[in-house]
Amino acid sequence: MSSQNVRCPICGCLNKGLALDETLGWMECINCKTVVQVQPGKYVKRVPVISMKEVSGLNKSLG
Ligand SMILES: [Zn+2]
């Protein structure tokens, strides 16, 4: 499970906790209801929990 925070390109509203992996990048904005597709890899992971997991995983692979 991986969720993303994506800012709507139409109205700039921040949509939190989107499962873009399941929707192939498609999302419906919670504010303006516009359905847009975010290019894979373009959205930035800003969720601290995911970042911490990645860091701990890197440490294990390095050690
Ligand atoms: Zn919007």
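Biologist: Leaving aside its neighbours within four places in sequence, which residues is Cys8 in contact with?
Modeller: This is a predicted model. Cys8 lies in the loop between E1 and E2. Beyond its neighbours within four places in sequence, its contacts are Cys13, Asn15, Cys29, Asn31, Cys32, Thr34 and Val36.

Biologist: Is Cys8 buried, exposed or partly exposed?
Modeller: A residue needs 20 or more other C-beta atoms within 10 Å to be buried, and 12 or fewer to be exposed. Cys8 has 19 other C-beta atoms within 10 Å, so Cys8 is partly exposed.

Biologist: How far apart in space are Cys8 and Glu28, C-alpha to C-alpha?
Modeller: Along the sequence, 20 residues separate Cys8 and Glu28. In space, the C-alpha to C-alpha distance is 8.8 Å.

Biologist: In what order do the elements of the protein run from the N terminus on?
Modeller: The protein has 2 helices and 4 strands. From the N terminus on, the order is β-β-α-β-β-α.

Biologist: Which side chains of strand E1 point to one face and are buried?
Modeller: In a regular strand, side chains alternate between the two faces of the sheet. E1 covers residues 4-7, and its side chains alternate.

Biologist: Which residue in E2 is the bridge partner of Arg7?
Modeller: E1 and strand E2, residues 14-18, pair in the antiparallel sense over 3 bridges. Val6 stands opposite Asn15 in E2. For Arg7, the bridge partner in E2 is Leu14.

Biologist: What is the phi of Gly12 in the turn of the hairpin?
Modeller: E1 and E2 form a hairpin, with 6 residues between them. Gly12 is in the turn. Its phi is positive, about 85°.

Biologist: What phi does Leu24 have?
Modeller: Leu24 lies in the loop between H1 and strand E3. Most residues other than glycine have a negative phi. Leu24 is not a glycine, yet its phi is positive, at about 60°.

Biologist: What phi does Lys33 have in the loop between E3 and strand E4?
Modeller: Lys33 is found in the loop between E3 and strand E4. With 10 C-beta neighbours inside 10 Å, Lys33 counts as exposed. Lys33 is not a glycine, but it has a positive phi of about 65°.

Biologist: What separates the C-alpha atoms of Thr23 and Gln37?
Modeller: Thr23 is found in helix H1, residues 20-23. Thr23 counts as partly exposed because it has 13 C-beta neighbours inside 10 Å. Thr23 and Gln37 are 14 residues apart along the chain, and their C-alpha atoms are separated by 8.9 Å.

Biologist: What share of the residues of the protein counts as buried?
Modeller: Among contacts between residues at least 6 apart in sequence, 25% join residues at least 24 apart. The protein has 63 residues, and the share that counts as buried is 6%.

Biologist: Where in the protein is confidence lowest?
Modeller: The average pLDDT is 79, and 67% of the residues score at least 70. Confidence is highest in E2, at 94. The lowest mean is 63, in residues 48-62, helix H2.

Definitions and conventions. Residues are numbered from 1 along each chain as its sequence is written. This is a predicted model: local features need pLDDT of at least 70, side-chain atom pairs count only at pLDDT 80 or more; totals for chains, interfaces and linings use all residues. Two residues are in contact if their C-beta atoms, placed from the backbone, lie within 7 Å. Two strands pair if DSSP finds at least two bridges between them. pLDDT is the predictor's confidence in each residue, from 0 to 100.
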